Amino acid sequence: MIAARPIRPRKCKHCREVYTPALPMQRVCGLACAQALAQAANARKAAADRRAERKADRAKREKLKPRREWLKEAQAAFNAFIRARDADKPCICCGRLSGTASRGGEWDAGHYRSVGSAPHLRFDERNCHRQLKQCNRFGSGRAVDYRLGLIARIGLLAVESLESDQRGRKYSADELRAIRDGYRERARELSVAASAA
């Protein structure tokens, strides 16, 4: 008959004190540590369940979200990307690097052809550039100055192409989700690159 090997001392999984277990599979030094370890495991499981429930709720809300909400989120992500892309450039229409700060920051993502008059160009990167709020909102976009700045940046041919583009376009919720996620990722990459530089 083979003699059983003696059980070596080990550290308690809860209090980290060294103890000699009475049983081979014993993980803790006593009852108090066993209860505390079980409570910690239950707390972790409850937290994981809450995270899973929140994730499921988010997924349900995403499915129920109307198209206009997707459009709003996609536009916000696109505008944030434009402001990040043009962070080192002056205002497209007045050429200033800063202005009088207004509520919510001093920069807008200003569209050359407005979203109201050309909704099919709302996500066209050639049509949108960083613009001071006082030029965009209070100067009615300053279309003539914007056009001159746009010609300097992208060229006359591209500007004329934007001006003649009259195609209709309606985005589905899935397309808007992809646009939102894509521009969020691109804005994140720009901010990482800017912080690394």
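I began with helix 1, where I found Cys-33, Ala-36 and Leu-37 buried. I take buried as under 20% relative accessible area, exposed as over 50%, and partly exposed as in between (1.4 Å probe, protein chains only). Helices (H or I, at least four residues) and strands (E, at least two) are DSSP runs numbered from the N terminus.

I note that this is a predicted model, in which local features need pLDDT of at least 70 and side-chain atom pairs count only at pLDDT 80 or more, while totals for chains, interfaces and linings use all residues. Residues are numbered from 1 along each chain as its sequence is written, and side-chain values use heavy atoms, with hydrogens and water left out.

**Entry: span of helix 1**

I looked up the length of helix 1 and read 34 residues. From the first C-alpha to the last, helix 1 reaches 49 Å, close to the 50 Å expected at 1.5 Å a residue. The expected span is 1.5 Å times one less than the number of residues in the helix.

**Entry: salt bridges**

How many salt bridges does the structure hold? I recorded 17 salt bridges, each defined as a side-chain nitrogen of Lys or Arg within 4 Å of a carboxyl oxygen of Asp or Glu.

I then examined Asp-49 and Lys-45, which form a salt bridge with their closest N and O atoms 3.2 Å apart. Both residues belong to helix 1 (residues 31–64), and because they are four residues apart there, about one helical turn separates them. Asp-49 is partly exposed at 40% relative accessibility, whereas Lys-45 is exposed at 53%.

Next I checked Lys-65 and Glu-62, whose side chains meet in a salt bridge at 3.2 Å, N to O. Lys-65 is buried, with a relative accessible area of 17%, and Glu-62 is partly exposed at 25%. I also noted a network of salt bridges that links Glu-62, Lys-65, Glu-73, Arg-180 and Asp-181.

I turned to the salt bridge between the side chains of Arg-153 and Asp-86, for which the N to O distance is 3.7 Å. This pair links distant parts of the chain, 67 residues apart: Arg-153 sits in helix 4 (residues 143–154), and Asp-86 in the loop between helix 2 (67–85) and strand 3 (107–111). Is Asp-86 buried or exposed? I found Asp-86 buried, at 0% relative accessible area, while Arg-153 is partly exposed at 29%.

**Entry: positive patch**

Which residues gather in a patch of positive charge on the surface? I listed Arg-5, Arg-8, Arg-10, Lys-11, Lys-13, Arg-16, Arg-27 and Arg-44. A patch is made of residues with over 30% relative accessible area and no salt bridge; like charges are joined within 9 Å, and nonpolar side chains (Val, Leu, Ile, Met, Phe, Trp, Tyr) within 5 Å. Lys and Arg count as positive and Asp and Glu as negative, with His and the chain ends not counted.

I followed two members of this patch, Lys-13 and Arg-16. Arg-16 lies in the loop between strand 1 (10–11) and strand 2 (18–19) and is partly exposed at 49% relative accessible area. Phi of Arg-16 is near 65°, a positive value in a residue other than glycine. I read 70 Å between the C-alpha atoms of Arg-16 and Val-159, which are 143 residues apart along the chain.

Lys-13 is found in the loop between strand 1 and strand 2 and is partly exposed, with a relative accessible area of 48%. The C-alpha atoms of Lys-13 and Phe-123, 110 residues apart along the chain, are separated by 55 Å.

**Entry: Cys-135**

Cys-135 and Ser-114 are 21 residues apart in sequence and 14 Å apart in space, C-alpha to C-alpha.

Notes. Accessible areas come from the Shrake-Rupley method with a 1.4 Å probe; for residues, only the protein chains shown count as cover. The place of a charge is taken as NZ of Lys, CZ of Arg, CG of Asp or CD of Glu.
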